[in-house]
Amino acid sequence: MDGGDDKRPATVGHPAPRAAVVVNPVKVTDLDGFRRTVNDALATAGWPEPAWYETTIEDPGHGQTRAAVRAGAEIVLACGGDGTVRACVTALAGTDVALAVLPQGTGNLLAANLGLSNDLAAGLEVAVERGLRRLDVGVVADQCFAVMAGMGFDAQLLDATSERTKRHLGWPAYLMGAVRHLRDRPMRVSIRIDDRPPLRRRARSVLVANVGRLQGGVRLLADAEPDDGWLDVAVLTPRTLRHWLAMAWALLRRRGTVPRMELLRARKVEITSNRAQPRELDGDLIEPGRSLTAEIRPGALWLCVPRPERHPDLSVDAGAAAERGERLVEEARRE
């Protein structure tokens with residue numbers, strides 16, 4: 001699973017890139033209206049009408065994205081939650097086809113790191129402006145992640161948060177899921193970083209990150225860079241409510257060290273627990289298991305990001321892009 005070559009995507013400088021939209025229809029309240037908005041905005045920007053592919057329960061987007069690439073798409077717009085976006089990331093990794101995110105779920109981690117929230121207009125503007133950045137991706141078995149993988153508490157809170165609660169509250173719904181598991185017993189884990197001897201810890205969660213922002217704008221890993229060729233590993237070891245509160249306060253202040261959080265860096269990390277644990281990739285639950293092995297795949301994904309595309313913070317200019325996007329959508333409605 002090598003990264004892509006050094007070729008810039010054909011979307012750069014191309015007046016009318018061929019686009020495809022991979023959409024999860026379950027996440028869109030009015031699919032026909034959504035489709036009109038996207039088609040009209042792209043047409044106003046001078047793009048031809050995109051091809052549309054709907055995801056299914058059996059295939060959350062991987063097969064549809066591969067079909068779009070075979071049909072000649074130069075950019076794929078992923079519309080849905082974490083599962084849809086992650087399926088598109090997996091299918092596009094190693095190609096020169098760019099990915100743009102039009103978030104429609106309540107907990108899209110990649111969108112959060114782009115500063116897009118659930119703002120369709122902002123996502124459309126970032127896509128049409130074509131600020132492109134080449135990102136590393138993490139690989140777990142045959143699946144890719146762009147933001148982070150996790151084992152333990154982080155996946156527990158995802159599992160404990162219902163879709164209904166997320167629809168009503170948005171990302172704060174995860175806090176309710178977190179409270180239910182604050183006092184759960186820790187797991188005993190062995191953590192092997194590259195070829196070094198394994199470390200043994202009693203941890204509540206082990207996170208393997210490519211970038212460091214969580215929902216709500218919380219920056220868990222301040223030094224994580226999306227294109228540095230490294231995975232940042234966070235081992236969380238709180239044991240009491242006071243420990244959890246100290247961690248939360250340090251993260252909200254966004255400065256200094258975070259207590260009960262050990263940081264490591266790796267090209268490859270192997271995590272093994274004494275018992276089966278819930279696991280997640282980019283906020284999307286996968287099958288529970290006793291182990292999680294992740295490797296970095298440098299420079300594998302072209303991603304549409306707010307400009308300037310080389311800024312360390314992927315979300316820079318997202319607010320201004322949202323304003324420009326609103327004007328684009330309004331112009332499209334008038335035409």
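These legends accompany close-up views of one predicted model. Local features need pLDDT of at least 70 and side-chain atom pairs count only at pLDDT 80 or more, while totals for chains, interfaces and linings use all residues. Residues are numbered from 1 along each chain as its sequence is written, and side-chain values use heavy atoms, with hydrogens and water left out.

**View 1. The chain as a whole.** The chain holds ten helices and 14 strands, where helices (H or I, at least four residues) and strands (E, at least two) are DSSP runs numbered from the N terminus. Of its 335 residues, 56% are buried, meaning under 20% relative accessible area with a 1.4 Å probe, counting protein chains only.

**View 2. Helix α1 against helix α10.** The axes of α1 (residues 31–44) and α10 (residues 318–334) come within 8 Å and cross at roughly 95°, the axes being lines fitted to C-alpha atoms over the stretch in contact and the angles running from 0 to 180 degrees between N-to-C directions. That makes α1 roughly perpendicular to α10, a term for angles of 65 to 115 degrees. T37, D40, A41 and T44 of α1 meet L328, V329, E331 and A332 of α10 in the contact, which means heavy atoms within 4.5 Å.

**View 3. Strand β7 and its partners.** Five of the five residues of β7 (residues 148–152) are buried, so this strand is largely enclosed by the rest of the structure. Strand β10 (residues 205–209) pairs with β7 in the antiparallel sense over five bridges, pairing requiring at least two bridges found by DSSP, and G150 stands opposite L207 in β10. Strand β13 (residues 268–281) also runs antiparallel to β7, joined to it by three bridges, with M151 opposite R279 in β13.

How values were computed:
Parallel < 35°, antiparallel > 145°, perpendicular 65-115°, else oblique. Buried < 20%, exposed > 50% of the residue type's maximum accessible area, 1.4 Å probe, protein only.
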